[in-house]
Amino acid sequence: MFKPHQRKYVLMSDIGVVCMLLILTYICQMTSLRFLAITYILPYAFFNFWWVLFTYLQHTDIRVPHGRGEKWTFMDGAIGTVDRDYGIFNHILHHIADAHVAHHLFSRMPHYHTVE
C-alpha cells in the first residue's frame with residue numbers, strides 16, 4: 001500500500017494516533033466520558049460531517065462525467081468537480097467551495113488566493 005520511502009511517515013502517523021488515543025483516554029479518566037463527548041467527540045463529529053458533505057457536494061454532480069479505466073486521465077479528475085456558492089460561508093471557508101476547480105488545477109495555491 002505504501003512505498004518504502006513513506007515508511008517513516010506512516011510510522012510517525014501511527015505514533016501520533018496512538019498518542020492522541022492515550023491523551024483522550026487520560027482526559028476521560030481524569031474527567032468523564034460525558035465531558036470528553038461534549039468537548040471533543042461531538043465537535044469532531046460535527047466538523048467532519050460538514051467537511052465530508054462539502055467534499056461530496058464538490059465532487060458529485062450530474063454535470064460531471066465519470067471516467068473509468070483507460071479513458072480517465074489526471075486532468076479529467078482535476079476538472080471533474082464543481083464550484084458551489086455557499087454565500088457567506090465562501091469567505092469563512094477560504095473559498096474552498098466556490099473556487100474548487102481552481103484548487104484541483106493548482107493544488108499548491110492557498111484557497112484564500114483563488115478569487116484573485
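Helices (H or I, at least four residues) and strands (E, at least two) are DSSP runs, numbered from the N terminus. This is a predicted model, in which local features need pLDDT of at least 70 and side-chain atom pairs count only at pLDDT 80 or more, while totals for chains, interfaces and linings use all residues. Residues are numbered from 1 along each chain as its sequence is written, and side-chain values use heavy atoms, with hydrogens and water left out.

1. Confidence. The mean pLDDT (the predictor's confidence in each residue, from 0 to 100) is 87 for the chain, and 98% of the residues score at least 70. Helix α1 (residues 7-30) has the highest confidence, at 97, and helix α3 (residues 74-79) the lowest, at a mean of 80.

2. Fold. The chain has five helices and zero strands, giving the pattern α-α-α-α-α along the sequence.

3. Overall dimensions. The radius of gyration, taken over C-alpha atoms, is to be set beside a globule rule of 2.2 Å times the number of residues to the power 0.38. The chain has 19 Å, whereas a compact globule of 116 residues would have a value near 13 Å. Along the principal axes, the C-alpha atoms fill a box of roughly 50 × 45 × 30 Å.

4. Burial and surface. With a 1.4 Å probe and protein chains only, buried means under 20% relative accessible area, exposed over 50%, and partly exposed in between. Buried residues are 16% of the 116 in the chain. The accessible surface, from the Shrake-Rupley method with a 1.4 Å probe, comes to about 9700 Å², and carbon and sulfur atoms account for 69% of that.

5. Contacts. Taking a contact as heavy atoms within 4.5 Å, look at the pairs with a separation of 6 or more: 31% of these contacts in the chain join residues 24 or more positions apart.

6. Charges. Lys and Arg count as positive and Asp and Glu as negative, leaving out His and the chain ends; each charge is placed at NZ of Lys, CZ of Arg, CG of Asp or CD of Glu. There are 9 positive and 8 negative side chains, and the centres of the two sets lie 11 Å apart.

7. D83. Where does D83 sit? Its place is the loop between α3 and α4 (89-92). D83 counts as partly exposed because its relative accessibility is 40%. Leaving aside residues up to four places away in sequence, D83 touches Q58, A97, D98, A99, H100 and V101. V101 is 18 residues from D83 along the chain, with 6.4 Å between their C-alpha atoms.

8. H103 belongs to helix α5 (residues 100-105) and is partly exposed because its relative accessible area is 23%. Its C-alpha lies 8.6 Å from that of A78, 25 residues away in sequence. F89, in helix α4, is partly exposed at 46% relative accessibility.
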